[in-house]
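Here is a walk through one protein model. Keep the sequence and the coordinates open side by side, and follow the stops in order.

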Amino acid sequence: DDGDAGSGDGSDDGDSGIDTNDPNVISLSGKHTEIIGNKLVVKDIGYGVSEFTGIDQSLLMVGGDDLDDIDDLLSLSGAPENAFVLIAVFETQANQRASSLIFTHNGDEYEYECTINCDFNVDLTNRKISYNDAVFVWVEGTETLTLTGYVPWLESDEVISSEDQDELGNAQSETLCDLNMSTNTTVLADSGLAYTVDEDQCVGVKEDDLVRTNKPYTFIDANSGETLTTGEIKLTIRNSESAIALYDEEGNFYNETTILGTFDITNNSDASLCRLGSIKWQLNTPDGLVYEQAMTLSYTYLDTEYSYPAQSNYSSISYDAGCIASGESRSVNIEFSGFTQKENPLTADNFVSATIQASLDLKTGNIVPAASLQPDYMEWTYVNSRPAMRLALTNNSSSDLVFDEDAHNVLFYDAAGYLVATGYVTIHDQLGLADKIELSDQDYVFSQGAQFLLLDDSSTLVHASFSPARATKVVLYPRF
């Protein structure tokens, strides 16, 4: 199968001004472009060629003077003189993926890798892979190559069905929340746009197995050391399968673990309470220690083992200016990410309390209000046979607004107020485009008085690798 992917000799002809919207052409910048040129022309592409990639959910792309199709690659007994092989491996909708580029020039071989969280997108519905300024590192040094562009494929290019792969990646339909639309909306004090489902409805799955627990917390002003407030923090623990099998030196396999926390803080002063910098926090164990991790984990990619230091990370989730007006309360969200042995997952018993610190300042005067936005409705629906969420909002300000990003953050809460997931909705999903690189400047304009739609067409709430979640409220934080 020739794949109908591109034409030409697969090498750069020396021209400049590459059009990254040209299918089958991936632009290059960085090390070794003086040898390989500034673009790759993909001549053939295959989905699920596990004979070469070692994994079903993978794409194999080839090109160059001496390599016209994948069948030639599989029949070779040695490396071609001038050619390239580009491989992308992934798990549908997972947040970890990897890609590698191997090219030969006059018989000399050069290998680059883009491993954890490599910046490419695979659209199984439209059969397209897009590289979004993905950074590849030379295996023999620290030099990099940056890849940008997209390559489509046909159903005839598939060794296995990509449609079957997508179905395997999502929760079964009978477990999904019923299709619904809600107009229960409000604007929060932190300028978040909140959408709440009607009674007995949900988004995501009807039931989940996330661990939910309440623990006492102490909130401390990092400047003075004064305890500002105490209370209970709501924690949600998710132990998820990693997209890449991770193991330690003893052969124990690991899950990715995420803990999401939410608590309320009230400003009882006469001035605005503003946070300076990010929140620092920690979970405390029954032994009186800080729960943290530092280990070396390994994974195998194309029959080669790689190791990297894996450390836990505490962070805050904040999409607002961080100021709380006098007399107001605010929900504060925090996150822990790390790894846990599959045979010994994290539970509520691993922690007894949380300690939270932030640098705070009291400021007189008014807080500058955000742009006037009205949340209109939330729709839990299907797009291209996949569960999806659409959010509508109206620009009630006195002028046009311009989004500064394609993707906009959303937080998912359950009916009891636990933060169960984070995610985003995008402009390009709503417009039916494969990637943000296809957006025009005009697509980012939010006209005065107009309604704008944002879509998540592959909701992480329902994907098995993330541990599916049930939510009843979604909060959107648009960026301008």
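A search of the whole structure turns up one disulfide. Note that this is a predicted model. The disulfide runs between cysteine 177 and cysteine 202, with an S to S distance of 1.9 Å. A disulfide is a covalent bond between the sulfur atoms of two cysteines. What is the handedness of the link between cysteine 177 and cysteine 202? The link is left-handed, with -115° about the S-S bond.

Now place the two ends. Cysteine 177 sits in the loop between α4 (162-169) and β11 (180-182). Cysteine 202 sits in the loop between β13 (193-196) and β14 (203-204). The two cysteines are 25 residues apart in sequence, so the pair ties together separate parts. Are cysteine 177 and cysteine 202 buried or exposed? Cysteine 177 is buried, and cysteine 202 is buried too.

Turn next to the charged pairs. How many salt bridges does the structure hold? There are eight. One of them joins the side chains of aspartate 68 and lysine 43, at 2.9 Å from N to O. This pair links distant parts of the chain, 25 residues apart. Aspartate 68 belongs to the loop between β4 (58-63) and α3. Lysine 43 belongs to the loop between β2 (39-41) and β3 (44-47). How covered are the two partners? Aspartate 68 has 41% relative accessibility, so it counts as partly exposed. Lysine 43 has a relative accessible area of 11%, so lysine 43 is buried. The cut-off for buried is under 20%.

Move on to arginine 212. Its side chain meets that of aspartate 208 in a salt bridge, at 2.8 Å from N to O. Arginine 212 is partly exposed because its relative accessible area is 29%. Aspartate 208, at 22% relative accessibility, also counts as partly exposed. Arginine 212 forms a salt bridge with aspartate 414 as well, and here the closest N and O atoms are 2.7 Å apart. Where do these two residues lie? Arginine 212 is in strand β15 (residues 211-221), and aspartate 414 is in the loop between β29 (407-413) and β30 (419-426). That pair links distant parts of the chain, 202 residues apart. Aspartate 414 is buried, because its relative accessible area is 11%. Shared partners join these salt bridges into one network of Asp208, Arg212 and Asp414.

Glutamate 81 is found in the loop between α3 (70-75) and β5 (83-90). Its relative accessibility is 45%, so glutamate 81 counts as partly exposed.

The last stop is phenylalanine 480. This residue lies in the segment after β34 (473-477). Phenylalanine 480 has 36% relative accessibility and therefore counts as partly exposed.

Definitions and conventions: Residues numbered from 1 in each chain as written. Predicted model: local features only at pLDDT ≥ 70, side-chain atom pairs only at ≥ 80, totals over all residues. Heavy atoms only, no water. Helix = DSSP H or I, 4+ residues; strand = E, 2+ residues; numbered from the N terminus. Buried < 20%, exposed > 50% of the residue type's maximum accessible area, 1.4 Å probe, protein only. Disulfide = S-S within 2.5 Å. Salt bridge = Lys/Arg side-chain N within 4 Å of Asp/Glu carboxyl O.
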